[in-house]
Each structure stands twice: as structure tokens, then as C-alpha cells.
Amino acid sequence: MKITHKKQKTIIKPKKRQAMDGRILKRQKGQKGLYIATFGCQMNEYDSKRMEELLYPQYVRVDTPKDADLILINTCSIREKAEHKVYSLAGRFRKLKEKRPELIIGIGGCVAQQEGERLLKRLPYLDIVFGSHGIYRLSDTLNRIERGEGPFVLTDMGDEFKMPPIATPLPVPHPVKAFVTIMQGCDNFCTYCVVPYVRGREVSRPKEEIIEEVKRLVEAGAKDITLIGQNVNSYGIKGSSSRGSGAKSAFNTTFPELLREVAGIKGIKRLRFTTSHPKDFTDEIIEVMAEGLPHCNHLHLPVQSGSNHILKLMNRRYTRERYLKIIEEVKRRIPDVSITTDIIVGFPQETENDFNDTISLLKNVQYDQIFAFKYSPRPFTKALQFDGQIDEEVKSARLSTLLEVQREIGLKRFKRFEGRVVEVLVESQNPAREGELIARTTNNLVVNITASNDLIGRLINVFIEEASYHSMRGRALTP
Ligand code: 5AD
Ligand code: SF4
């Protein structure tokens, strides 16, 4: 299914800046240019935004590497393919450095954490290598590099939640959509996943900081807030005080309570969260969604496989039956809910029967969208050592079959909107098509409309004229 390719593509290509969101800052005299290439998930997008904010006003973000005094690549290592792309991009920047030796180049994120010193050996022209915990030492380290010191490797990982407040907020309105991190790291150790090794132990962010940040974003113009973390459902279980006191804070807020509290902040039009883990997904979360989170009838609940045998090997700690029970309850309580998921095909020892269990689960759940991946062996992980690794051709064939099945399901799901009037939040101009705006339904599905820019940030009704299996086209009904 195309959506999957879209996601894979997003992971591989550095994300284009939303040039249409009104956030382009004019560079003033004396300010340096910062170019950030971001790969990977929303956590990385969030981290890149954080870097931009932390380095402002000394650095202002620019849209092309050639205008930059500092280039940062924020990397993803969830699958091997994503990792390879980082090296080819870094190679391109090397040429710029040869022409302008004063240019500072850094690699951050998961590949940086995973490779550390090895990255410096492989790419000796780098000035700085930093993991996700190193972001908050960037500013000081850059000052030292400018004084001629370095190169530096910042890959220490503490078990504190480190996120200093932003000293100087960017003097521009915030885009309609905003992500807010509520926890870092992951303790689940799914046997295929590199995240616990490159993002460290799970630690929740103090509630007060989250509320403060959401309020700041809403005041700056954000209307659609997504709370993010690797496993948001276990929010509050392991916390730490921020700002470096080192003391563990007693957490007395659960995820549903946090949701309720954030939902109460004035000005939020949409509240979403990702990623959920089925093993920690409780009825209370469904309850909060059902009782009216600001228009949130979308749930992304990664299943990974429909086979109990594979789920066990993956260390997912739920069964197919438990997963389906959650879905049943979600559908019962939340009208017209959209459910999306992540799936891995070709995990070691996956038989045709196991794979067919995944297909049958897809048919049973009727997902609006799926993000499907071929299993990719990752360093440090248990599954790397498992017997029964699957041939690439078998993985590819299974992926195509899966996508074919989902294509039909997805199309049917999207078609349900044709001829209906739905409320959408208008997000931005469509950078791919002039004169077109991107809007989103409460279910988190994209609707393209042709209308005036004045509608950005507004909730409007649209008539859905046509639906394909990954987006819709609508006509704005004059508010
Ligand atoms: N191979 C393939 N897919 C993976 N994912 C995580 N690790 C791997 C891997 N080693 C997928 C999972 C996860 C999503 C973010 O990426 O489906 O939910
Ligand atoms: Fe990886 Fe599993 Fe943690 Fe998700 S829950 S980040 S898949 S280890």
C-alpha cells in the first residue's frame, strides 16, 4: 500500500521544511545560518525543532545547506536503509566543508548514539557527534568548536529527563500542528528494536513542564497537539526531576490523567498521542478518548504481527486475542474511529502460517492506514542472533501481499467519507501544489482543499468529493 512507501520515504529522505507555514525567520546581520536535515520519527522532528529553538538567536534556520554556517543531520537507525542514507548525505556536505573549512558539521540522533567514536573515524571531517541526550550541550560545545577545539562526541546517557526551558522563543507564529514530548527512551526491549539502546531508559517528563509547554505552543498559534513518546501509555511510571537536580520525583499522574489535564487547556482544537503499546493500553484511556478528548477519534496502535508465535519472539507481551479485544472496545466506545498500525513482515522464523495470521488480523481490524516494514536486523538487538532469518525475496513478497490486502481495505475505509460533510482543521499550504491547502479530519486523515490561505488555523466544514486510499479531496463550505 502506498502509505507505507510514503512513510518509508519520509524516513529515508530528510524532511523538507514546511516552507509554507509562516515560520521562515529573516536572518539578521550577525546571525549565523543553521541547516538541519531530519530523518525518522516524530521524536526526531521534535528534537530538531528543539535544536533550532535552543540555538536561536545565535543561529537562524536556513533552507539550503549552502547558506549555512552550521549543518546538523538528525539521524534515524530504526532500519538499515535509513542509516545508509545518512552516510550519503554526509558525503555531500563534506564537499561544502572542503570549500569552507569554517563550516561546522554535526551528526546527531540515533545513528550518532549507536556509532559514537566510530562515526568520527568514518567521517573525520565531522566537528560533533551527539545522541539525543547531547542536544542540551550543543550550544556550549559549538562555542568551543568556534574557539578551535574539538571534535566532540556527546553520547553519555543519564537516566534524568533533561530538557532545559527555551530561553528565547522564536519570534514567529507556531504552525497549527505541534508535537510535545512527554517521555524519553524505552524499557520494552522488543527483540527487533534498537530504540532502547540508542535513546536510553524510559523516563517521563514532569507534568508541569508538559502543561507549560503546551500552553506556550497554544499561545503561539498551535491548535493540534500530539503528545509523543515511545510508549506513552506508561507515562508516569518512571519519572525524574528535570533541570538536573538528580532527585527522583514522586510521579502521581497517569497517562489518562495527563490526557484529561492537557485536554482542559483552552485553545486546543485537537489532542492526539502516539505511540501506544497494546500491553499498557487500558480501558481508562479509551474512557478518556470516549468522553471527549478534543476531537480525537484516531488511535495508532502498533500490532507488529498477527501471530502469537511471532509476538512472543518479538517480546511484545500481548496476544493477538488481547489486541483484538482492545480494538473491539475502542470501536464500541468511539464512533467512527480510525485505527492505524505498524507491522513488521519477515521477522526471524515467521512461517507462511504466521504471515497469514497477520493478513487475517488486518481483515479483522479494518485499519484505515498501516505502516508496514520488512524486518531489518539491528545492532545490539536479540533478534539479530535468532535462527531462522528470512530471505529478502520472501520478505519483499510478503510485504507486497500485505500492502495489496491493505490497499483494498484502506480504499474502502476512505470511501466511507465520500459525499459526507466533515469538520477539518486547516493546517498549511500544500508545498507540493500551489493554491492548495492541507487540512485534517478528527480521525487524522488528510483532506486537500483549494481555498484561501486565510483559512489556515481554522476549523471548517468540507464536503468530501473524492477519496483515494491515502487522502481525500474536499470542497470548503463557506463558514
Ligand atoms: N525492522 C523493521 N521494522 C522495525 N521497526 C522497528 N524496528 C524495526 C526493525 N528492526 C518498526 C516497528 C515500529 C516502527 C516505528 O518501526 O513497526 O513500530
Ligand atoms: Fe522499540 Fe518496542 Fe520500545 Fe517501541 S516499544 S520503541 S518497538 S522497544
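Two strands are said to pair if DSSP finds at least two bridges between them. Helices (H or I, at least four residues) and strands (E, at least two) are DSSP runs, numbered from the N terminus. The model is predicted: local features need pLDDT of at least 70, side-chain atom pairs count only at pLDDT 80 or more, and totals for chains, interfaces and linings use all residues. Residues are numbered from 1 along each chain as its sequence is written, and side-chain values use heavy atoms, with hydrogens and water left out.

1. Strand S13 (residues 338–345) and S14 run parallel and are joined by six bridges. Within this pairing, Thr341 lies opposite Ile370 of S14. From S13 the chain passes through helix H13 (residues 352–365) to S14, in a right-handed β-α-β crossover (clockwise from the first strand over the helix to the second, with the strands pointing away from the viewer).

2. Strand S14 (residues 369–374) has five of its six residues buried, so the rest of the structure largely encloses it. Buried means under 20% relative accessible area (1.4 Å probe, protein chains only).

3. Helix H10 (residues 283–290) and helix H12 (residues 320–333) have axes that come within 10 Å and cross at roughly 20°. H10 and H12 are therefore roughly parallel, a term for angles under 35 degrees. Their contact (heavy atoms within 4.5 Å) involves residues including Ile286 of H10 and Val330 of H12.

4. A barrel is closed by five strands in the order S15-S16-S17-S19-S18, with mixed pairing. Strands S15 (residues 421–429) and S16 (residues 436–441) are antiparallel and joined by five bridges; Val426 stands opposite Ala439 in S16.

Technical notes: Chains are lettered from A and ligands numbered from 1 in the order in which they are written. Buried means under 20% relative accessible area, exposed over 50%, partly exposed in between (1.4 Å probe, protein chains only). Axes are lines fitted to C-alpha atoms, for helices over the stretch in contact, and angles run from 0 to 180 degrees between N-to-C directions. Angles under 35 degrees count as roughly parallel, over 145 as roughly antiparallel, 65 to 115 as roughly perpendicular and the rest as oblique.
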